[in-house]
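Follow the side-chain contacts through this structure, and then look at a pocket. Keep the sequence at hand while reading.

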Amino acid sequence: MTPEESQNNLNSIRRKTDELLEDLGPEPVEELAQSFVDDAPGTIVELTTFAEQKDVSNLGRTAHSFKAIAQIYGLDATANLAQEIEQACLAENLGEACRLLPLLERSTEASVTELINFLRNEHQIQLRRPQ
């Protein structure tokens, strides 16, 4: 992720998280964000498995769901990559979807770190990193 993408991601995280905090309060936001942090690595594994199995349908559906979840937290770079994978699957372009998977994995790792750091530094919400 470039410094500009990182700053844009942080601005989006701030906007979306502030909306969530206003609507739900800190405890539900902490629980939801922790769930995303915990589940994201497993979702990447699922996507990779579907790609290895050449299961374009489930790869596209899972990418669609992951995109929606990433958007909730303002993780735009991750959401955009998941959408590109979804679109590749809709076009039955498994090669393009497979090309994008490592980019999605790196983006997800960076986005999770940014979300954890933002919530800790801006809202004193402590999230655990997945084991």
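A search of the whole structure finds four salt bridges. A salt bridge here is a side-chain nitrogen of Lys or Arg within 4 Å of a carboxyl oxygen of Asp or Glu. The model is predicted: local features need pLDDT of at least 70, side-chain atom pairs count only at pLDDT 80 or more, and totals for chains, interfaces and linings use all residues. Residues are numbered from 1 along each chain as its sequence is written, and side-chain values use heavy atoms, with hydrogens and water left out.

Take R14 and E122, one of the salt bridges. Their closest N and O atoms are 3.6 Å apart. R14 sits in helix 1 (residues 3-24) and E122 in helix 5 (residues 94-123), so this pair ties together parts that are 108 residues apart in sequence. Helices are DSSP runs (H or I, at least four residues), numbered from the N terminus. R14 is partly exposed, at 29% relative accessible area. E122 is partly exposed too, at 40%. The accessibility classes run as follows: buried means under 20% relative accessible area, exposed over 50%, and partly exposed in between (1.4 Å probe, protein chains only).

K67 and E86 form another salt bridge, with the closest N and O atoms 3.0 Å apart. K67 belongs to helix 3 and E86 to helix 4, 19 residues apart, and the pair links distant parts of the chain. Are these two residues buried or exposed? Both K67 and E86 are buried.

R99 is partly exposed at 46% relative accessibility. E96 is partly exposed as well, with a relative accessible area of 26%.

Now turn to the rings. A pair of aromatic rings is described by the distance of the centres and the angle of the planes. Rings of Phe, Tyr and Trp (its six-membered ring) pair if their centres lie within 6.5 Å; planes under 30 degrees apart count as stacked, over 60 as edge-to-face and the rest as tilted. By this rule there are two aromatic pairs. F36 and F66 are stacked, at 6.0 Å centre to centre and 20 degrees between the planes. F36 lies in helix 2 and F66 in helix 3, so the pair ties together parts that are 30 residues apart in sequence. F36 counts as buried, at 5% relative accessibility. F66 is buried at 3%.

F36 and Y73 form a tilted pair: 5.4 Å centre to centre, 35 degrees between the planes. This pair reaches from helix 2 to the loop between helix 3 and helix 4 (76-90), where Y73 lies, 37 residues apart. Y73 is buried, like F36.

Which helix gives the most to the lining? Helix 2 does, with seven residues. Helix 2 (26-52) and helix 3 (56-72) each supply at least two. By class, the lining holds six nonpolar, four polar and two charged residues.

Methods:
Ala, Val, Leu, Ile, Met, Phe, Trp, Tyr, Cys and Pro count as nonpolar, Asp, Glu, Lys and Arg as charged, and the others, Gly among them, as polar.
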